[in-house]
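Welcome! Here is a short tour for a first look at this structure, arranged by topic.

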Amino acid sequence: MSESPPTTPVCYRHPGRETYVRCTRCDRPICPECMREASVGHQCPECVNEGRRTVRPARTAFGGGTAGRHGYVTKGIIALNVLLMLLSIASDRGGDAAVGGSGFGGLMGGGTPLTNWGSVLGLAVFPDGTLGGIAEGQWYRLVTAMFLHYGVIHLLLNMWALWVLGRSLEANLGPLRFGALYLIAGLGGNVAAYLFSAQNSATAGASTAVFGLFAALIIIERKLGRDISQVIPILVINLVFTLTVPGISIPGHLGGLVVGAAMSLVLAYAPRGRRTLVQAVGAAIILLILLGLVLFRTAQLLG
């Protein structure tokens, strides 16, 4: 009785192709087209896909995605602010509507129709005789104000601070958590401006959120055990400017600082086992408190 000749292995996905290479994970024969380079040897496409599904994605120390190291959110916020500055200038045709009277389109600090539309404003009578402001239901102002600026210099100062602070915080927190921190800090500063400013006083600028980022950087860096001795003097200088330079919204800056600190404490000290849940609940509680303060101030102005 003669022995049958040994058969040459063929690729499990391409039966017409002979191969002596096997997947290091499932041991099936694979041809060069099906080979996927692995840490040891090669794997087949199915094993590679299965590995991707079972391997947990890398996370930062605070539960965020590592994509934050690219600074996409920081760059996106800066781009949005610059775009709105250009639209603000365009809205002020010939400079006739500049409230500050210090340059076309508010280049040197004046207001424009766009800033008049989107700034924090409690309650006021507009030139056309209509009544407007947050108390009149224009709640969008609490958000839009953190993306509008009174002039290019105002914009450049805030965007420089955002560029310096934002990239570090986004890398440590991840894009989603950093974005939430920025928006909640900015909202907190605008709510404080609504609460403690004159009802017909308009304020705008990203500095409400930027002050929240200052507080967050100190808290996050301390949590990571890093030196913060260079950050505190910069914050102190900014606080001195806030308290001494006319025309700066003191409630807005301090409100952003306090709310940003509160949000960053939630992000930094949430227990690891239920980190995402605690962070989400903490953010929701802060938002509910801010909502209550807005309702209180609105009732006060309309009462």
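A disulfide is a pair of cysteine sulfur atoms within 2.5 Å. By that definition, the structure holds zero disulfides. This is a predicted model, in which local features need pLDDT of at least 70 and side-chain atom pairs count only at pLDDT 80 or more, while totals for chains, interfaces and linings use all residues. Residues are numbered from 1 along each chain as its sequence is written, and side-chain values use heavy atoms, leaving out hydrogens and water.

**Confidence**

- The chain has a mean pLDDT of 86, and 91% of its residues reach 70 or more; pLDDT is the predictor's confidence in each residue, from 0 to 100.
- Helices (H or I, at least four residues) and strands (E, at least two) are DSSP runs, numbered from the N terminus.
- Over residues 96-106 the pLDDT is below 50, and this stretch has 29 contacts in the model beyond near neighbours in sequence. Contact means heavy atoms within 4.5 Å.
- Where pLDDT is low, the predicted coordinates should not be read in detail.

- Cys47 is in no disulfide either, with the nearest cysteine sulfur, that of Cys44, 3.4 Å away.
- Cys11 counts as buried because its relative accessibility is 1%; buried means under 20% relative accessible area, exposed over 50%, and partly exposed in between (1.4 Å probe, protein chains only).
- Cys47, at 10% relative accessibility, also counts as buried.

- Asp27 is found in the segment before strand 1 (36-37). Its phi is near 70°, a positive value in a residue other than glycine.
- Most residues other than glycine have a negative phi, and most peptide bonds are trans.
- Asp27 counts as partly exposed because its relative accessibility is 48%.
- Gln43 has its place in strand 2 (residues 42-43), and it counts as buried because its relative accessibility is 18%.
- Not counting residues up to four places away in sequence, Gln43 touches several residues, among them Cys23, Arg25, Cys34, Met35 and Val48.

**Helix 5**

- Helix 5 (residues 152-173) has 22 residues and reaches 30 Å from its first C-alpha to its last, close to the 32 Å expected at 1.5 Å a residue. The expected span of a helix is 1.5 Å times one less than its number of residues.
- Where is helix 5 kinked? The kink, of about 30°, is centred on Gly166; the bend at a residue is the angle between axes fitted to the seven residues ending there and the seven starting there.
- Gly166 is one of the buried residues of helix 5, as are Leu155, Leu162 and Glu170.
- The buried residues of helix 5 pack against helix 2 (72-91), helix 6 (175-196), helix 7 (207-223) and helix 9 (250-269).
- After helix 5 comes Gly174, with a positive phi near 95°.

- Leu83 lies in helix 2 and is partly exposed, with 45% relative accessibility. Its C-alpha atom is separated by 9.5 Å from that of Phe147, 64 residues apart along the chain.
- Val143 sits in helix 4 and is partly exposed, with a relative accessible area of 41%. The C-alpha atoms of Val143 and Ser119, 24 residues apart along the chain, are separated by 8.8 Å.
- Gly256 belongs to helix 9 and counts as buried, at 0% relative accessibility. Leaving aside neighbours within four places in sequence, the contacts of Gly256 include Ala185, Gly188, Thr208 and Phe211.

**Annotations from UniProt**

- An unreviewed UniProt entry gives "domain: Peptidase S54 rhomboid" for residues 137-268. UniProt positions are given in the numbering used here, feature names are shortened, and annotations may be inferred rather than shown by experiment.
- In the model, residues 137-268 are 74% helix and 0% strand, with end C-alpha atoms 35 Å apart.
- Under "transmembrane region", the unreviewed entry lists spans including residues 178-196 and 277-296.
- Residues 178-196 are 100% helix and 0% strand, with end C-alpha atoms 27 Å apart.
- Residues 277-296 are 100% helix and 0% strand, and their end C-alpha atoms lie 29 Å apart.
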